[in-house]
Amino acid sequence: MRFRTVVKIGVGLSVLLFCLGVAFYSFVSISDAEKGNDVNMFSLVPDDCYGVLDTDNIAYYTSEFPRMSYAVDLENLHHSELINNILNDITEYTSVNTHGLSNQIKRLMISFHSSDTTKDVIAYFKITSGARQFVLDILRQKYGSSITAKTEEYRGKKIEIYPLGKTANFLSVLCGEGYIIVSYHKSLIERVIDAIKDGTSLENDLVFSKHQFKKSANYLTFYGRTASFPYLGEGHNHVWSEFDLHLNSDVLYLSGSMYQPDSCLQDIESRMSHIAPLSEDSVLIVSGREKVDSCIIHAMSLPHTMIFDECLSNLSRDASYIMVADMNKVAQDPKSYSPYIPDFICRNINLFRSFIMSSQVTEVNGRFSHIYVFTYKE
């Protein structure tokens, strides 16, 4: 499972960041997906992806993140090469402001596929009427009015392929009623068409499809084929976790739940209960509700002279597992801590040296929820 791209471009689309919600988009038939009748965007995503980033607030991507106090530290997370080719510098090429852009593009999703390169992704735009031309006009304004598409057909669907100026890149585009899908690779667009035609999309994933709930407005969520942290899901390929992204000026955090087949539950519960405690300089791991409760009560009784102590005190006494770590310490020996930190963070650990991470997992009746809080130290 390769999550390097998630931080480079995915979580980087807006980086670990904001508004809570939990999502349900009513499922529609494959014929509806082809016709675009209130299309369920997950019916377009191939089920062999290892992660999906989903947001209804493109304005956040284009304007809000740079205002955060930690934006400089995470600057290279902020830019997605694929999305930049369509949306970045939009004010330079069009007279449409960010609000106007949001009115045209109602939802943006990015799916990540089996590669370490930043190009092995697919972007999906849920659009209003006329927005297809709007998006393609941006390409022409950025790369020249003479840009023209070559059209190829695959299983009855037309794929438009655009050369991106003097670069060696091409953009493959699939348009439907209510959506536009783009990728650097025509083969990935063909996999989207296969997913629509053959019913092999995330809409049909038995675990993923059962855990989509209604989202409030202004959300950004990453869905990954991973447990709340890697150690819990070792040996299980059908576990999904969602990470709703939130932020304020000095703190960014992820919250969500882990979803697993019933056949995995007993093993995950056993793994959770047998995590060895760890208490060393700038890193703390505690598992077991009674031990967590005792640890936090003790921390609350002490004066908070360090950010680390305050982060510990703010965790829930009802949690089944907690971890607090200075990410600068973790970055010195990431392999030792990688079982307890999501891959898309651990693989890019140097970007998070300026944060204290405090995390918790709570299990209630076989359901696991998690929170990761990153508190900026400077």
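Student: In S15, which residue is the bridge partner of Gln360?

Tutor: Keep in mind that we're looking at a predicted model. Strand S14 (residues 355-364) runs antiparallel to S15, and ten bridges join them. Within that pairing, the partner of Gln360 in S15 is Ile371.

Student: Okay, and which residue in the hairpin of S14 and S15 takes a positive phi?

Tutor: Look at the turn: this hairpin has two residues between the strands. The positive phi there is near 50 degrees, and the residue that takes it is Asn365.

Student: Which residue in S15 does Ser257 stand opposite?

Tutor: Go to strand S10 (residues 251-259), which is antiparallel to S15 and joined to it by eight bridges. Ser257 stands opposite a residue of S15, and that one is Ser369.

Student: How many of the ten residues of strand S15 are buried?

Tutor: S15 covers residues 367-376, and it has bridges to S14 and to S10. It's largely enclosed by the rest of the structure, because the number of its ten residues that are buried is seven.

Student: Let's move on to S4 and S5. What is the bridge partner of Thr151 in S5?

Tutor: S4 takes in residues 150-154 and S5 residues 157-163; they run antiparallel, with five bridges between them. For Thr151, the partner in S5 is Glu160.

Student: And which residue has a positive phi in the hairpin of S4 and S5?

Tutor: Here, too, there are two residues between the strands. The phi is near 50 degrees, and the residue is Arg155.

Student: How many disulfides does the structure hold?

Tutor: A disulfide is a covalent bond between the sulfur atoms of two cysteines. As for cysteines here, Cys49 is buried at 0% relative accessible area, and Cys311 is buried at 5%. The disulfide count for the structure is zero.

Student: Which element has the lowest mean pLDDT, and which the highest?

Tutor: For background, the protein's mean pLDDT is 79, with 75% of its residues at 70 or more. The lowest element mean is 34, for helix H1 (residues 4-10), and the highest is 98, for residues 321-326. The lowest is H1 and the highest is strand S13.

Terms used:
Residues are numbered from 1 along each chain as its sequence is written. This is a predicted model: local features need pLDDT of at least 70, side-chain atom pairs count only at pLDDT 80 or more; totals for chains, interfaces and linings use all residues. Side-chain values use heavy atoms; hydrogens and water are left out. Two strands pair if DSSP finds at least two bridges between them. Helices (H or I, at least four residues) and strands (E, at least two) are DSSP runs, numbered from the N terminus. A disulfide is a pair of cysteine sulfur atoms within 2.5 Å. Buried means under 20% relative accessible area, exposed over 50%, partly exposed in between (1.4 Å probe, protein chains only). pLDDT is the predictor's confidence in each residue, from 0 to 100.
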